[in-house]
Amino acid sequence: MLKQSGFGYYVRKIARTWKETGTLAHIVHRVTGILLVVYLGVHIYVVTQASLNGEGYESILEMFRDPLFAAGELIMIMGGLVHGLNGIRLTLFDMGIGLKHQKAMFWAFMVIAVAVWFAGLAIVWPVIGGG
Amino acid sequence: MGAPTESKRSMWLWILQRVSGAALIVLLLIHMVVLHYMDPHAAIAVAEVKIRLQGLTFMVINNLLLGFVIFHAFNGVRNVVYDYTSDPRKRAAVSAVLVIMAIFLFAFAVWAFLPFMMG
């Protein structure tokens, strides 16, 4: 009999159900969560350089003006929005709210994420687009 | 009563993951709006980081954000690892490493910004 827990069980379960909205939401939450943890480490390192090593910090900021980094940061903002909004959705379910509309709520929250992302992009566009 | 049981601890961590997540929605919104969207042209120079950290309001907000985000991130990693292994010894070892890493990261960031916070 197959074990009902552990890495193999988890992977098999995901592989079997990935087309379902609930599993998709789970994968999206997990992938964005891991990306955000990595980003958090880098972010704390970079920002603390402002205090520990002023010149180093300024040179890191210079590096961030590269369009590649701007694109990376925009991806992280999308990751944060998606993770945060799906997190609100999960918390609502924990409180018994919206349980009958789990799938619709996922897509509705993703639409909100994209809308907020574009609003944010419009604000910073003169800086990252126009220099 | 002895040490909290594994399931009791897990329940508290689960609640705290929700609480910290909810707090992060508010704190990150403040963080992003104040730092990046109110004046997108402002470069985040050393002097500006310093000034921003000196006000009491921002000192409190930033340290709360730091604490909540580190808890949420490391407890999130714990949740991921718990999905992948059911071996109690592996789980305990990973939890211990994550607790140490989280405390170190929080202490490092507070230590690094102390000169700024103290003026």
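A:Thr32 comes out as buried, at 11% relative accessibility (buried is under 20% relative accessible area, exposed is over 50% and partly exposed is in between, with a 1.4 Å probe and protein chains only). This is a predicted model, so local features need pLDDT of at least 70 and side-chain atom pairs count only at pLDDT 80 or more, while totals for chains, interfaces and linings use all residues. Residues are numbered from 1 along each chain as its sequence is written, chains are lettered from A and ligands numbered from 1 in the order in which they are written, and side-chain values use heavy atoms, with hydrogens and water left out.

A:Thr32 belongs to helix H2 of chain A (helices are DSSP runs of H or I with at least four residues, strands are runs of E with at least two, and both are numbered from the N terminus). Setting aside neighbours within four places in sequence, A:Thr32 is in contact with A:Gly79, A:Val82 and A:His83, where contact means heavy atoms within 4.5 Å. Helix H2 of chain A, residues 21–52, also holds A:Leu40. A:Leu40 is buried too, with a relative accessible area of 11%, and here the partners sit on chain B: B:Val69, B:Ile70 and B:Ala73, not counting residues up to four places away in sequence.

A:Val114 is part of helix H5 (residues 102–130) of chain A and is partly exposed at 36% relative accessibility. A:Gln4, in the segment before helix H1 (7–17) of chain A, is exposed at 55%.

Now for the aromatics. A pair of rings is described by the distance of the centres and the angle of the planes. Rings of Phe, Tyr and Trp (its six-membered ring) pair if their centres lie within 6.5 Å; planes under 30 degrees apart count as stacked, over 60 as edge-to-face and the rest as tilted. By this rule there are eight aromatic pairs over all chains. In one of them, A:Phe106 and A:Trp107 have ring centres 4.9 Å apart and planes at 70°, so the pair is edge-to-face. A:Phe106 is buried at 2%, whereas A:Trp107 is partly exposed at 45%. The rings of B:Phe108 and B:Trp111 have centres 6.1 Å apart and planes at 40°, so this pair is tilted. Both residues lie in helix H4 (residues 88–117) of chain B, three residues apart, or about one turn of the helix. B:Phe108 is partly exposed at 22% and B:Trp111 is exposed at 52%. Ring pairs also link A:Phe7, A:Tyr10 and B:Tyr84 into a cluster. As for charge over a ring, the charged end of B:Arg78 sits over B:Tyr82, 4.0 Å from the ring centre (the cut-offs are NZ of Lys or CZ of Arg within 6 Å of the ring centre and within 35 degrees of the ring normal).

Finally, in chain B, the axes of helix H2 (residues 46–54) and helix H3 (residues 56–84) come within 5 Å and cross at roughly 95°. Axes are lines fitted to C-alpha atoms, for helices over the stretch in contact, with angles from 0 to 180 degrees between N-to-C directions. H2(B) is therefore roughly perpendicular to H3(B) (65 to 115 degrees; under 35 is roughly parallel, over 145 roughly antiparallel and the rest oblique). B:Arg52, B:Leu53 and B:Gln54 of H2(B) make the contact with B:Leu56, B:Phe58, B:Met59 and B:Asn62 of H3(B).
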